[in-house]
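Work through the exercises below with the sequence and the structure side by side, and try each task before reading its solution.

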Amino acid sequence: MFSYLLRRALYALPLLLGVNLLTFLLFFVLNSPSDMARMQLGQKHVTEQAIANWKRQRGYDLPLLWNGEQSFPESLSETIFFQKSASLFWLEFGISDSGRNIGADISQRMWPSLALALPTLIIGLSVNITVALLLVWFRGTGVEWGGQVLMVALMSISSLFYIIGGQFLFGKVWQWVPISGFDSGLNAFKFAILPVLIGVLSGLGSGVRWYRTLFLEEIGKDYVRTARAKGLSELQVLFRHVLGNALIPILTGVVVVLPLLFMGSLIMESFFAIPGLGSYTIDAIAAQDFAIVRAMVFLGSVLYIIGLLLTDIAYTLVDPRVRLS
Amino acid sequence: MMVGLWTDALLWGLVLVMALGLAAARSRPELKRPFAKLAEHPSGVVALAVLLFFLSVALLDSVHYQKSGGEVLSVLDTLLTPLRDGQEKTYSAPFASQLYSSEFMETDTGEPVWGRPRLQHGGAHLSDEDHHIQDIALKLLAACGRYLGLLAIIALFVWVSWRGLQQRWRDLPALRWATWTILAQLALALVLWDVSHYYHVLGTDMVGEDVLYQTVKSIRTGWVIGALTTLIMLPLAIGFGILAGFFGGWVDDVIQYLYTTLNSIPGVLLIAAAILLVQVHMANHPENYTSLQVRADTRLLFLCLILGVTSWTGLCRLLRAETLKLREMGYVQAAFALGVKPYRILLRHILPNVMHIVIISVALDFSALVLAEAVLSYINIGVDPVTYSWGNMINGARLELAREPLVWWSLMAAFCLMFTLVLAANLFADSVRRAFDPREAEHG
Amino acid sequence: MSRSLSLLCLIVWLLTGCGPIPANHPYPDREWRSNTLYSSFSERPKHLDPARAYSANEYVFIAQIYEPLLQYHYLKRPYQLTPLTAEKMPEVVYRAKDLSILPDATAPDAIAFTDYLISVKPGIDYQPHPAFAKTEVGDFLYHDLSDTALAGIASLADFEHTGTRELIAEDYIFQIKRLAHVKTQSPIAELMKNYIEGFAEFQQQTEALDAMALRDLAMTGVEALDRYHLRIRIKGKYPQFKYWLAMPFFAPMPWEAVAFYQQPGLSQKNIVLDWYPIGTGPYQLTENNPNRRMILSRNPNFHGEAYPSEGEAGDLEAGLLADAGKAMPFIDRVVYTLEKETIPYWNKFLQGYYDASGIAADSFDQAVQFSSTGELGLTQDMRDKGIALRKVVATSIYYVGFNMLDKVVGGNDAHARLLRQAIAIAMDYEEFISIFLNGRGRAAQGLLPPGIFGYVEGQDGINPYVYDWVDNRAKRKSLTEAKALLAKAGYPEGIDPDTGQALILYLDTPSTSSADRPRMNWYRKQLQKLGIKLVIRGTDYNRFQQKMRSGNTQIFMWGWNADYPDPENFFFLLYGPNGKVEHGGENAGNYQNKQFDRLFEKMRVMDNSPERFQLIQKMQALIRRDTPWIFGLFPEDYLLAHAWYGNIKANLMANNRLKYQRIDPELRATLRQQWNQPARWPALIFGLLVLATAYAAWRRYLKQRER
């Protein structure tokens with residue numbers, strides 16, 4: 001099993017290399033360092049000299065891929081690619097165009113993201129499963145039909161409306177929670193309620209439908225019929241057998257998104273002024289801070305690939321057959 | 001003079017291809033059953049009717065011509081001339097005859113007074129403000145009477161003159177559902193169109209542009225994003241997916257590497273980068289983008305392109321898995337043994353048998369793409385700011401809820417139409433799955 | 001869905017039921033009655049280093065922390081400079097080339113240098129800061145940090161020991177040297193090169209040097225005469241220099257700070273001088289988290305300053321002199337929360353969680369209305385809440401510029417000028433102001449906003465090329481006149497004779513967001529009135545700037561915010577030798593008019609006098625005729641403040657306003673309590689829904705058991 005996982009982990013390397021190359025091409029073909037400098041230095045009294053200084057200070061005055069002025073190892077290392085792109089591999093995110101250390105910012109901002117995303121995932125998962133079970137339990141009745149219609153409707157609403165509407169009703173009209181903001185520690189609770197609620201609600205439609213299909217598939221299997229024939233009540237069948245058996249695919253499906261929770265939710269965070277990585281990314285896009293965007297692209301890819309690895313591990317734990325292969 | 005925009009051509013081309021495909025599919029016996037199943041559920045039929053209605057609006061909006069003054073208009077613009085020209089100064093509520101907020105006006109004697117000025121177009125025919133409500137009711141009733149009557153007469157004519165229709169009407173419930181849906185939509189559209197000669201049915205926005213006009217114009221954007229993206233994504237997904245599954249080996253490795261790499265990059269960031277690229281290109285080549293339409297159209301096309309590039313991976317993976325399964329099937333193995341050429345096997349045996357996955361996934365992706373447009377426009381990496389789209393409408397209107405008194409109509413209008421389109425697409429996707437998914441068929 | 005909602009209801013019920021503090025209080029509950037001011041910032045300030053900071057959102061913080069030599073008087077108008085850390089206003093000495101002293105009345109041409117002699121108040125101490133911390137033997141504790149010492153450090157507050165030191169004249173000198181240092185990247189370095197003697201040479205000398213080396217190198221123009229006295233030598237005569245001395249660029253910087261912050265281990269943790277200020281002012285930055293909030297607290301070492309006892313007429317009645325002579329500052333802490341969106345900001349202001357607010361277009365109708373007499377006042381709702389309104393015309397201008405190098409709209413021949421004048425008439429800024437700004441602005445009649453020397457109100461101050469004086473007010477000329485001008489310019493009905501079609505013009509803007517779409521449509525509509533087709537080219541800001549620099553534009557939108565209240569700071573935007581394309585200056589439209597340039601050179605070095613006033617009028621007349629800009633508008637700033645917030649007076653020049661202001665926390669607590677009663681009926685409805693679901697489930701369960 002160990003060698004299997006090692007092989008999978010090694011497979012991640014070319015993936016990351018591909019991501020790295022792609023982003024490098026995109027970001028350095030797109031905007032020349034001079035453009036970045038001009039934007040960062042602001043609008044009053046900017047001169048060529050100041051731009052050249054800025055570029056030199058951040059190491060953007062180097063050639064892109066090959067430095068002809070240097071001898072061999074330095075001709076590769078004294079380049080924008082090596083210093084700005086390749087350094088991501090050892091998780092050195094460098095300095096943002098606005099002059100801050102990206103690594104420090106990321107390590108600070110991932111926690112609020114997590115504080116929102118983790119409850120949303122857990123509560124969302126349990127609510128989705130509960131409602132899906134209820135719908136299955138009520139199958140063949142008007143409740144199921146109504147529930148189905150409601151779920152399709154919920155699924156057809158843009159997440160923007162959930163956020164705008166939720167903030168308007170709960171924050172402004174009813175004054176139940178602070179409209180936006182965040183705080184550290186336990187104080188975060190009252191700020192997190194509404195975003196989590198909205199996050200759960202906006203994922204409800206598709207989530208419930210997905211789990212319902214899963215349960216219905218399970219319920220059609222032979223062992224359920226056997227169990228029912230043995231005289232188990234419908235509720236017992238549902239909870240003990242159907243839910244129990246469906247839990248494995250559900251949980252392995254969750255594992256893959258776990259690492260990505262750190263990345264946060266782009267729009268939710270910017271609407272609710274939550275200082276997480278999602279709003280960090282949005283701000284960076286708006287300010288065209290390519291250093292941050294580059295770092296986030298790479299981080300996102302790394303987390304996604306970790307998610308894939310975790311899924312592999314989860315499968316080997318659940319299904320012993322994988323271990324043999 | 002006709003003006004060709006890229007998205008126009010592609011959208012019409014797509015419709016043509018769809019029509020041809022349908023015509024071809026009609027003759028295939030194995031597709032009889034799914035089509036019959038598709039017609040079984042009212043929700044699917046109604047949804048399809050709604051989708052087609054939206055599509056025809058989008059198609060009308062995709063025929064552009066240049067007027068003598070140099071203005072580029074679409075056929076839909078011409079139909080909606082009263083809405084397009086009836087620009088007010090700023091916000092006005094639905095059916096209002098006055099602006100929504102107060103400002104300084106000059107009275108006849110030239111004295112400034114503080115109050116709500118009359119609109120230039122909405123309710124301009126009213127001589128007496130007191131009969132405002134009455135007039136609205138009257139205008140609505142008259143329009144209803146006129147167009148319901150007209151539709152009824154046409155329907156009667158068709159009913160009488162088309163022999164065999166009665167028989168089909170009785171035998172095909174789907175025909176009944178579809179007809180009622182389309183009639184209802186037509187009636188609604190005609191009544192709204194009629195009343196909009198007198199009033200701004202959904203009010204006006206910050207610069208006094210008719211909100212109804214904006215929402216209707218956004219239909220095209222929604223369809224273009226949903227449909228063209230699919231058009232771009234399908235060849236990639238089908239080609240790569242089937243090749244990877246069929247040939248295996250290094251082909252499979254390369255394709256897997258390609259889609260895992262693309263998949264691992266957060267989609268939004270990739271789109272952001274690509275859209276910035278387009279902006280830079282436009283800034284550096286202003287001579288190619290003199291007209292706003294061309295600019296906006298290029299950006300829209302590019303957005304579809306990049307959305308297509310980021311979204312083919314999911315379908316590709318499904319198709320690869322399915323092809324892997326199919327390859328081991330008896331009849332494929334037999335074809336191999338008989339020495340049939342691989343490309344023939346691919347075309348004859350594999351491709352038709354994975355089509356149900358393609359159809360289901362296309363139906364599902366459509367709604368997801370329409371929703372994605374709104375989110376991308378919120379982050380300013382969606383369609384061009386001058387393009388009419390629900391995303392732009394929401395983005396422009398999201399601050400209006402904070403106004404006091406509340407301005408709700410822009411948001412509401414965008415919500416309703418977007419919801420209708422996405423809901424229809426979702427319901428249709430459900431029916432498609434019911435009809436085409438073999439697993440569903442087993443469940444009965 | 002129902003379950004999570006019921007949980008929420010329960011939580012909300014508990015939260016609202018058991019304490020006097022409303023559930024939507026967005027701050028820690030222990031701060032409920034503290035003497036804390038709540039404000040916000042919408043975007044992370046980029047620089048807090050006074051040598052680099054140059055925008056309002058940065059000055060909000062550093063002006064409370066760093067103290068330059070001079071400041072603007074808080075209450076007096078027109079704006080007036082008073083000493084801050086200086087003992088008295090600088091003594092100005094004119095010198096000839098041989099440095100001999102000249103009498104004050106010497107003609108500007110004969111003055112080779114101007115000396116500013118300034119004395120610093122003794123006894124002013126810096127805020128407590130680890131950079132000053134010393135061991136018992138007098139060595140600096142934290143100037144050479146080891147990796148182990150750094151391990152436990154995440155922010156400045158993690159240093160155990162702090163120290164302080166007295167402010168000396170040398171600190172001001174050091175800062176001026178930092179301005180010249182290339183590595184500091186001060187935005188005014190290029191500008192100061194023209195003024196401060198020895199600045200350019202110093203810049204070259206230190207190009208390759210480290211910041212610490214600046215201490216030992218002398219700049220010929222600046223010198224500390226002793227511990228408390230310094231001299232700054234300016235080339236020629238530049239009367240506006242005194243205004244610079246009130247800007248944070250000329251705040252003192254202790255060398256210890258540079259020595260401390262330049263340690264590489266600290267910059268890896270974002271602990272840098274650009275981010276952790278160190279000053280002598282009334283406040284110090286105690287929490288510094290740009291991702292969420294910034295907190296200013298009282299500086300325990302503050303030297304003390306008394307609230308001014310004089311103001312302009314009306315200040316006494318307005319209660320602005322009630323605190324005269326009392327020791328400032330009055331507020332203990334200020335919490336700035338990151339708030340990017342205007343909706344939440346405005347709503348929190350209404351809930352009492354922000355103490356003051358501007359007025360966005362979206363909240364305008366709710367906040368402000370015109371009375372029957374045309375006075376702009378607060379609505380009844382606002383007055384009931386005890387909110388007060390203050391308004392002031394900003395010293396800024398938003399304009400539409402023509403690129404004078406352009407073949408169609410540029411140049412000084414009659415055709416292009418007539419075209420520009422026609423467009424200027426067609427752009428109905430009165431309508432713009434009323435649609436987009438709700439009337440919060442004034443259509444500009446020229447370059448100078450009200451409040452700047454040389455501004456003329458009334459008939460004599462109108463732009464005669466765009467306005468007529470009718471019935472005692474300026475009335476925009478009619479479209480017919482504009483069309484006549486257009487025809488004279490060679491474009492009858494907007495038709496370009498070369499193509500036979502509508503004339504196409506291009507407007508460049510740095511805005512691409514859809515929120516700006518209405519404005520762009522508006523601009524298009526204005527030119528449509530003349531039959532001209534306007535193509536809007538929106539690009540991001542850096543592309544826009546690049547286009548401006550290369551002159552690759554035709555018409556563009558831009559704005560200017562005055563650095564100091566002097567007409568020179570506006571007119572230099574049209575001074576030929578400041579041309580953007582040729583000289584990289586601030587004259588973005590590349591306007592060139594010899595006569596104007598001569599007048600400018602004369603006006604620039606004059607002190608305010610009737611003669612200067614006349615020169616300014618001549619210059620205004622020239623640019624009104626040439627119309628290198630459509631002057632656009634001067635925005636008006638509106639400030640709403642709650643009843644508990646006192647001593648507020650709009651002051652566009654002073655940035656250190658915080659120390660004058662006060663709040664009444666008790667009143668605030670009472671009112672907030674009243675305003676934030678949660679609605680309970682929705683909870684009831686959700687509860688009923690949950691009950692109904694439970695009931696249905698119970699029925700189902702019973703039914704299944706029967707079977």
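Two strands pair if DSSP finds at least two bridges between them, and strands (E, at least two residues) and helices (H or I, at least four) are DSSP runs numbered from the N terminus. This is a predicted model, in which local features need pLDDT of at least 70 and side-chain atom pairs count only at pLDDT 80 or more, while totals for chains, interfaces and linings use all residues. Residues are numbered from 1 along each chain as its sequence is written, and chains are lettered from A in the order in which they are written.

**Exercise 1.** Find the bridge partner of Met2(B) in strand 2 of chain B.

Solution. Begin with strand 1 of chain B, which two bridges join to strand 2 (residues 64–66) of chain B in an antiparallel run. Within strand 2 of chain B, the partner of Met2(B) is Tyr65(B). Then widen the view: the open sheet has three strands in the order 1-2-3 (chain B), paired antiparallel. Strand 1 (2–3) and strand 3 (72–74) of chain B are at the edges with a single partner strand each, so one side of each lacks a neighbour in the sheet.

**Exercise 2.** Determine which residues stand opposite Ser297(C) on strands 9 and 13 of chain C.

Solution. Strand 9 (residues 283–289) of chain C is joined to strand 10 of chain C by six bridges, antiparallel, and here Gln284(C) stands opposite Ser297(C). Strand 10 also pairs with strand 13 (residues 333–338) of chain C, antiparallel over five bridges, where Arg333(C) is the bridge partner of Ser297(C).

Note on methods:
Heavy atoms only, no water.
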